[in-house]
Amino acid sequence: MTRSVSSPSRAAASAAAHLALAVLAAAFLVPLLWLVFAAVDPRASLRARPPSGLTLDHFRAVLTPETVFVPVGNSLLLCGGAALVTVAASVLAAYPLSRYTLRFRRPFLYTVLFATGLPLTAIMVPVYSMFVQAGLLDSRFATMLFLAASSLPFGIWLTKNFLDGVPVELEEAAWVDGASAWQSLRFLVVPLLAPGMAVVGVFTLVATWGNFFVPFILLKSPDRLPAAVRVYTFFDQYGTVRYGELAAFSLVYTLPVVVLYLAVSRALGGRFALGGAMKG
Amino acid sequence: MRRTPISLSAAALAAALTAAGCGASEDDPDTITVVYQDYGTFHAADTLFRKVKEEFEAAHPEATVELRPIEAPAEDYQTQVNLMNGSPAEAPDVIYEDTFTINQDVEAGYLAPIDDYWAAWPDAEQYHARADAAVTALDGHRYGVMLGTDTRGLWYNADLLERAGVAVPWEPATWDEVLEAARAVKEEFGAEVTPLNVYAGTPAGEMASMQGFQMLLSGTGDTLYDEDAREWRTGTPGFLASLEFVRAVYAEGLALDPRDALNPAVGTLNNEERIPAGELAISLEGSWATQSWIESANQPWPEWADTMRFAPMPTREGQDPGATSMSGGWSLALGSASTNPDLAWEVMAHALNRENATLFAVEGAQIPLRDDVASSEEFQAADPTPDAAADLVDVTHFRPAYGDYPRVSLAIQQAMEAVMLGDATPEEAAAAYADEVAGVVGPDNVREG
Amino acid sequence: MAAVTAGGPRAAALRLLPLAPAVLLLLAFFAGPIVWTVWASFTNAALTGAAAADTRFVGFANFARLLADPAFLDATVLTAVFLLASGVVGQTALGLVLALLARHRSAPVRGAVTVVVVGAWVVPEVVAGFVWVAFLEREGTLNALLGAVGAAPQNWLYTAPMLAVVLANVWKGTAFSMMTYAAGLAEVPTDLEEAARVDGAGRLQVLWHVVLPLLRRTLATTLLLVTLQTVQVFTLIYVMTAGGPGGRTTTLPLLMYQEALRFGDLGYGTAVALALLVVAGLFSAVYIRALRPEEVR
């Protein structure tokens, strides 16, 4: 700080930077205002205006088992499960990819990454037939695994790069001491990799939480559908007339992800660490 | 090229595994699966089948009726049912089927003919003969039984028309008289009231094509498809006249502002907000519009009966039969993969019996096809559909029920949109439509002029 | 990282064992469907109609039709525009600017900016769509704000649909780029910059000649991932405009959806999907060539 006081040009630059940041932050915030205002405004419309009054009626109207609790529970099951599976499978897969010289490493990574560059909507038709034939339709567990598989390429990619940043010397020492690869993975690598795993988990959760198309096709029973499908059908059917309830529903639906993000980023010391993961 | 056989066999293997459905169906023959739509303001099918399930299972203790309500708009409902039909293990036994898709689904092998069941069914004689065509496929077999039908026409706010100096009850005899009334409303109220709603453009989707365009075209004597010659028609005078009507309505500012007309939710906004608020004088709309106003609606408007009246849409010059309409209709059909078609038919027949048909017609604001339902006091007392609308079944038309229709319909919506926005003259839009249709169905299947 | 190479084939197999769960999951759920997608694009496969009962091999007919279809050409251009504007320029530039601006700020300022930007990212796609519909509608917030300075209200989703979906996607996706660049910048040694500064280089010169070259690999990787995500964006556009008005926001994923699921033409729809992959591949090849993320520093 002393420096910026001593140098007027630096102070001006710093003020300009703060101003620019404030404007940008405001631009990111403004679209969200509607959500918050409409959720508590008894006469909600599309316009974001300071609420004409304060009401919790919209929340009361949507906080029922069939609108919110069951679907959000299903979302937690589907997306939380997918995040855990993705993290576990990614760590396992990233280990040999990072630690051993493998001829097929680059082709493997690029193939996997590009294959999933096919839009999910394109492959849902064969996926549906596959689920029917395997008797997996309407199974939350299978849908969860599918969501996990669809996040895997990204997860493996990130985890492998995180792992490249973890020095191999410790493991070599452990091997010399007779530890198996499994032991060194479990007791040395995983603890060092924890922040990266948390990042992958959050990424998977955020990406799958908003996906309505996959569960819409693969699940049938209304009581197994996740919130993404419920919020979409709610919008489609009543969105043009029940703004307040839609906003309240959206807030409740977004909340678990925000809480999780904050918890993870707190646990990582206030920084969502991507360091080292983005170097190809 | 050496690798081709390998990739082909791999593809074939995967295709066999994923698409063909080699495994035998594990269906329990005593379980009958019923798939239907349950969405938005439409809960009549859900009400009906819940009742059917309860009654049928009580009467047949060994049987189970499994309900598969699908909460999705019409197009997505169709997609889901197609997916189910494409996988024998998942294919439903009884399908709540738009009569409009029967031909496609028959060609795909998804439906089973019901001629024998129908011939032996005592209730069959109650059905009006006009319900036959819609459920009979091109191969001449019957594939469904209609649950109900609908018509389209002009809903108008009598109060607004009266204040604008239009005599009420309003009975326009030609297109010009419709436009005159709309102009009178515009003169009286200016920007406060939208005089005339005609759905147009791609966001409104099938509403634009059916409630809008084909309600006009069917009053010109021309058609989209010549059933006798089995070919699509383009460049007809009627097609041009219909686009000209759309142009007039939008260019004169009689219709909604295009940016409002191009809102995908325009139908909901019209029926739930603009009409109850007295902001829309005349709307070319379905006979079921009352669904948005009755007690169980999202935004009930019980006073609707005080102001809203229904008038048939006239033909262009008032030529015979004077009025026109378009109809759709939903039926129950039998899935071809059903392991127990006899039991499935029994479930169907139960859902179609007099009591249940009455319930469905009332709940779904449908026009019943059984004479004993239409004439029953019970139905008459609860019937939400205006008589004028119900009578239109005598002059109504249906959409060409072929696989190419969805694309043709999109081309119609695009032509309307170009005209409403002033991007093209009716002539240019009609020419573009002709090109598009030739591309979709192949030049050999089109007759121009 | 080549650490261990000793051991026979058994040891090698054992070393690859950890790959098994991931590979099995991917094979189980994706191998079949992807092969099927490629196969279907050479057939007239359909959801219903005669072709559903009798699916035939049609060679390259679907691809020939693609190239002659103005809707496909439009959608390809729109996809490229959407990708360039929202993915490459929007998210990358804005993400980088935010990361640079926030770089030497105090922790609370950095935290506040991160929370706001990341807030947009964690909002589920469906909700993000509603939020932007509400923001841009004729009755919406933007018009209310513009009305305060006397501008006439308009339905932005109708008058500037592509701009609308681009803005929404930038809003939703910038957090990812910002986080990766912030992480990359944290590893740029400050003494290098100081040295350049002492040599008389200006702020922008330092940025261009010192900082950005060091970010190259991060930039390439981020661009690659952002591209693969952006070409796939479906829900956001579908909720906001459903591809309209007049097809002006119909990108390839929306066209694919319309053809394959709405019209039930699986053969043509899968051909569109493969074309999308080509678009993504072309862009990725450009980054990989231009920025050479593989090169060892």
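1. The model is a predicted one, in which local features need pLDDT of at least 70 and side-chain atom pairs count only at pLDDT 80 or more, while totals for chains, interfaces and linings use all residues. Residues are numbered from 1 along each chain as its sequence is written, and chains are lettered from A, with ligands numbered from 1, in the order in which they are written.

2. Chain A brings 77 residues and chain C brings 78 residues to their contact, where two residues are in contact if their C-beta atoms, placed from the backbone, lie within 7 Å. On the chain A side, the helices that each supply at least two residues include H4 (65-99), H7 (140-164) and H9 (181-209), but H2(A) gives the most, with 14 residues. Helices here are DSSP runs (H or I, at least four residues), as are strands (E, at least two), and both are numbered from the N terminus.

3. By class, the side of chain A that touches chain C holds 57 nonpolar, 14 polar and 6 charged residues. In this division Ala, Val, Leu, Ile, Met, Phe, Trp, Tyr, Cys and Pro count as nonpolar, Asp, Glu, Lys and Arg as charged, and the others, Gly among them, as polar.

4. Chain B is divided into domain 1 (28-150 + 328-393) and domain 2 (152-326 + 404-448), with bounds that come from an automatic or database domain assignment. The C-alpha centres of these two domains lie 29 Å apart, and 10 residues of domain 1 are in contact with 15 residues of domain 2. The side of domain 1 that touches domain 2 has 7 nonpolar, 2 polar and 1 charged residues.

5. Strand S12 of chain B (residues 323-326) pairs in the antiparallel sense with S11(B) (residues 313-314) over 2 bridges, and in the parallel sense with S14(B) (residues 396-397), also over 2 bridges; two strands pair if DSSP finds at least two bridges between them. Pro314(B) has Ala323(B) as its bridge partner, whereas Met326(B) stands opposite His397(B).

6. From S12(B), Ala323(B) and Ser325(B) point one way and Thr324(B) and Met326(B) the other, yet all are buried, that is, 20 or more other C-beta atoms lie within 10 Å of their own, with C-beta atoms placed from the backbone.

7. An open sheet of 3 strands in chain B has the order S7-S8-S15 and mixed pairing, and its edge strands, S7 (225-226) and S15 (446-448), each pair on one side only. S7(B) runs antiparallel to S8(B) (residues 231-234), joined by 2 bridges, and Tyr225(B) has Trp232(B) as its bridge partner.

Definitions and conventions:
A residue is buried if 20 or more other C-beta atoms lie within 10 Å of its own, exposed if 12 or fewer, and partly exposed in between; C-beta atoms are placed from the backbone.
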